[in-house]
Amino acid sequence: MDRREVALTAGTVEYVDTGGDGPTLVLLHGVNMDATLWRDVVRALGPGVRCICPTLPLGSHQRAMDRPELVTHRGVAALVGELLEALDLTDVTLVLNDWGGAQLLLAEGETARVAAAVLVACESFDNYPPGRAGRAVAVAARVPALLWLVMQLQRFTWFRRAPGGWGWMSRRPVPRDVMDGWFRPARRDRLVRRDLRTFARSTPSRTELERLSCALSTFDRPVLVVWAAQDRLMPPEHGPALAQLFPRGRLVVVEDSATLVPVDQPAVLARLLAEFVTPSGRPPRRGPGAPR
């Protein structure tokens, strides 16, 4: 997998590109995560699907943004659209997990490059931010010293796996080295924490969230909603309701998984993605000479 970077209006964004000429998936993560969230899913999908995994400026980015005022829910959603344009991607399937902000792009952005979407156990309706973990970051963001303290506590396994917080994000622990990479930038870099504060304090009002939810019905391309049966952060009723919003929406419930389906059930999720983006349900083989 090639690690690359692209200069966008808000700043430089790093991304992983597996290459190839198969269907293109753009896989998006949540707050205090990076592209490594998708490592097992990308591996399971194999070489026949092109996977692009950006690290969004949500607290685990290595390089602080040049224009921090743009690191808002709307701003990061716009950044995703700008990424598609900068990389000249077409017929893209957007895949979201945890963070639901890219729904803003589907509701009111430029979607000519988006062919379909997969919403995997993500924020929806008024569940912004989700659960205690999300609300804790939102509260901490109001006080710089408190956000610093929360990031320092993330060094400890007992804090990461505490009930109500990250301990509810997945049924299986995220490998320690992966989580270290997620929390290190905000722990060490005050400008990364600045970006995280800006984002956390930009949650739209309930009235605005309701309006945006209704606007999702204008996205008339295929949408697969994947919900986790044991999710304690995303309400179970939100999965069916979200699927019903879209004219071409469909719901699948994944068993033995919490919010981070890419961690708990990567093989199952890879199979669902392959079935969704390829007619045969199997990723096509990369042809000879195709870029790797």
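## Exercises on a predicted model

Setting aside neighbours within four places in sequence, tryptophan 99 is in contact (heavy atoms within 4.5 Å) with Leu28, His29, Gly30, Leu56, Leu58, His73, Val76, Ala77, Val80, Cys122, Glu123 and Phe199. This is a predicted model, in which local features need pLDDT of at least 70 and side-chain atom pairs count only at pLDDT 80 or more, while totals for chains, interfaces and linings use all residues. Residues are numbered from 1 along each chain as its sequence is written, and side-chain values use heavy atoms, with hydrogens and water left out.

**Exercise 1. State which residues touch the most other members of the largest nonpolar core.**

Step 1. A nonpolar core is a set of buried Ala, Val, Leu, Ile, Met, Phe, Trp, Tyr and Cys residues joined through side-chain atoms within 4.5 Å. Buried means under 20% relative accessible area, exposed over 50%, and partly exposed in between, with a 1.4 Å probe and protein chains only.

Step 2. The largest such core has 45 residues, and Leu28, Leu94 and Trp99 touch the most other members. Its largest share, six residues, comes from helix H2 (residues 73-86); helices (H or I, at least four residues) and strands (E, at least two) are DSSP runs, numbered from the N terminus.

Step 3. Another core, of 42 residues, lies apart from the largest one and includes Trp38, Trp168, Val263 and Leu269.

**Exercise 2. Give the strand order of the open sheet and identify its edge strands.**

Step 1. The eight strands of the open sheet follow the order S1-S2-S4-S3-S5-S6-S7-S8, with mixed pairing. Two strands pair if DSSP finds at least two bridges between them.

Step 2. Strand S1 (2-7) and strand S8 (249-254) are the edge strands, as each pairs on one side only. On average, neighbouring strands are turned by 20 degrees against each other, direction ignored.

Step 3. Strand S2 (residues 12-17) and strand S4 (residues 50-54) run antiparallel and are joined by three bridges. Tyrosine 15 has proline 54 as its bridge partner in S4.

Step 4. Helix H10 (residues 238-245) packs on the sheet and touches strand S6 (114-122), strand S7 (223-228) and S8. The direction of H10 makes about 175 degrees with that of S7; axes are lines fitted to C-alpha atoms, for helices over the stretch in contact, and angles run from 0 to 180 degrees between N-to-C directions.

**Exercise 3. Determine whether threonine 111 is buried or exposed, and name its contacts.**

Step 1. Threonine 111 is found in the loop between helix H3 (103-108) and S6.

Step 2. The relative accessible area of threonine 111 is 11%, so this residue is buried.

Step 3. Leaving aside neighbours within four places in sequence, threonine 111 is in contact with Leu105, Leu106, Phe219 and Arg221.
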